[in-house]
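Thanks for asking me to look this one over with you. Here are my notes, in the order I would go through them with someone new to the structure.

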Amino acid sequence: MPITKQNIDLTFLLEQLIEETYPMLQEKKLKCEYNKSQNIGFYGDGDKLARAFSNLLKNAINYSYENTTIYIDIKEENNKINIVFKNEGDKIPEYKLEKIFEKFYRGDESRTSKSGGAGLGLAITREIIELHGGKIFAKNKDKFIEFHIELDKLQ
């Protein structure tokens, strides 16, 4: 997958994506809380990163319990950008946490008709993050499912 890099404002990019998903959030009676401390710039492909972040946000919407809040945090420390998407929903079994990033893998077969996905979103997301020299992983923490992205500003 070719990427075209330029200077982008990741903070603003995420704000735009959240605004675009407002109707989906409302439909499922969800809130989205975006925690940012400053504008964070990054040299990357804005379109591809928007697609990756959109996939994560739509997954959070699809798999969140109604009347809960999705949290998105972005911060920069020591030339590393950390982004976390966190939602309250059914836990992902530990043995599936790495598999969910494989092509055509669906973590919960019972949700196929509900979410309509083909199992490509997280695989594409991981590919985009890795093309930018980053890492992505998922984990269960307390009552939340978290997706962590780490991007290196020096890439």
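1. **Before you start.** Please keep in mind that this is a predicted model. Residue numbers count from 1 along the chain as its sequence is written.

2. **The overall layout.** The protein chain holds five helices and seven strands. Read from the N terminus, its elements follow the order β-α-α-β-β-α-β-β-α-α-β-β. Of the 155 residues in the chain, 43% are buried. The chain exposes about 8600 Å², and carbon and sulfur atoms supply 47% of that area.

3. **Contacts along the sequence.** Take the contacts between residues at least 6 apart in sequence: 72% of them join residues at least 24 apart.

4. Five strands make up an open sheet, and their order across it is β2-β4-β5-β7-β6, with mixed pairing. At the edges are β2 (31-36) and β6, each of which pairs on one side only. Direction ignored, neighbouring strands of this sheet are turned against each other by 15° on average.

5. Do β4 and β5 run parallel or antiparallel? These two strands run antiparallel, and seven bridges join them. For a place to look, find D73, which stands opposite V84 in β5.

6. **Two helices on the sheet.** The helix α1 lies across β2, β4, β5 and β7, and runs at about 175° to β2. The helix α3 lies across β2, β4, β5, β6 and β7, and its direction is at about 20° to β5.

7. **The nonpolar core.** The largest nonpolar core has 39 residues, and those touching the most other members are L10, L49, F53, I83, F85, F147 and I149. At least two core residues come from each of α1 (10-20), α3, β4, β5, α5 (121-131), β6 (135-141) and β7 (144-152). Which element gives the most to this core? That is α3, with eight residues.

8. **F53 as a way in.** Leaving aside residues up to four places away in sequence, F53 touches L10, L13, L14, L17, I83, F85, I129 and I149.

9. Searching the whole structure gives seven salt bridges. One of them joins E15 and K36, whose closest N and O atoms are 3.2 Å apart. Because E15 is in helix α1 and K36 in strand β2, the pair ties together parts that are 21 residues apart in sequence. E15 is partly exposed, at a relative accessible area of 29%, and K36 is also partly exposed, at 39%.

10. E98 and R126 meet through their side chains in a salt bridge, at 3.3 Å from N to O. This pair links distant parts of the chain, with E98 in the loop between β5 and α4 (112-115) and R126 in helix α5, 28 residues apart. E98 counts as partly exposed at 48% relative accessibility, and R126 is partly exposed with a relative accessible area of 22%.

11. **A salt bridge with a buried partner.** The side chains of D45 and K48 also form a salt bridge, 3.8 Å from N to O. Is D45 buried or exposed? D45 has a relative accessible area of 5%, so it counts as buried. K48, at 21%, is partly exposed.

12. **Two backbone angles to check.** Most residues other than glycine have a negative phi. N67 is not a glycine, yet its phi is positive, at about 60°. N67 sits in the loop between α3 (46-63) and β4 (69-77), and with 58% relative accessibility it counts as exposed. N79, likewise not a glycine, has a positive phi of about 60°. Its place is the loop between β4 and β5 (80-88), where N79 is partly exposed with a relative accessible area of 36%.

Note on methods:
Predicted model: local features only at pLDDT ≥ 70, side-chain atom pairs only at ≥ 80, totals over all residues. Heavy atoms only, no water. Helix = DSSP H or I, 4+ residues; strand = E, 2+ residues; numbered from the N terminus. Buried < 20%, exposed > 50% of the residue type's maximum accessible area, 1.4 Å probe, protein only. Contact = heavy atoms within 4.5 Å. Areas by Shrake-Rupley, 256 points an atom, 1.4 Å probe, with all protein chains shown as cover. Core = buried A, V, L, I, M, F, W, Y, C linked by side-chain atoms within 4.5 Å. Pairing = 2+ DSSP bridges. Axes fitted to C-alpha atoms, helices over the stretch in contact; angles between N-to-C directions. Salt bridge = Lys/Arg side-chain N within 4 Å of Asp/Glu carboxyl O.
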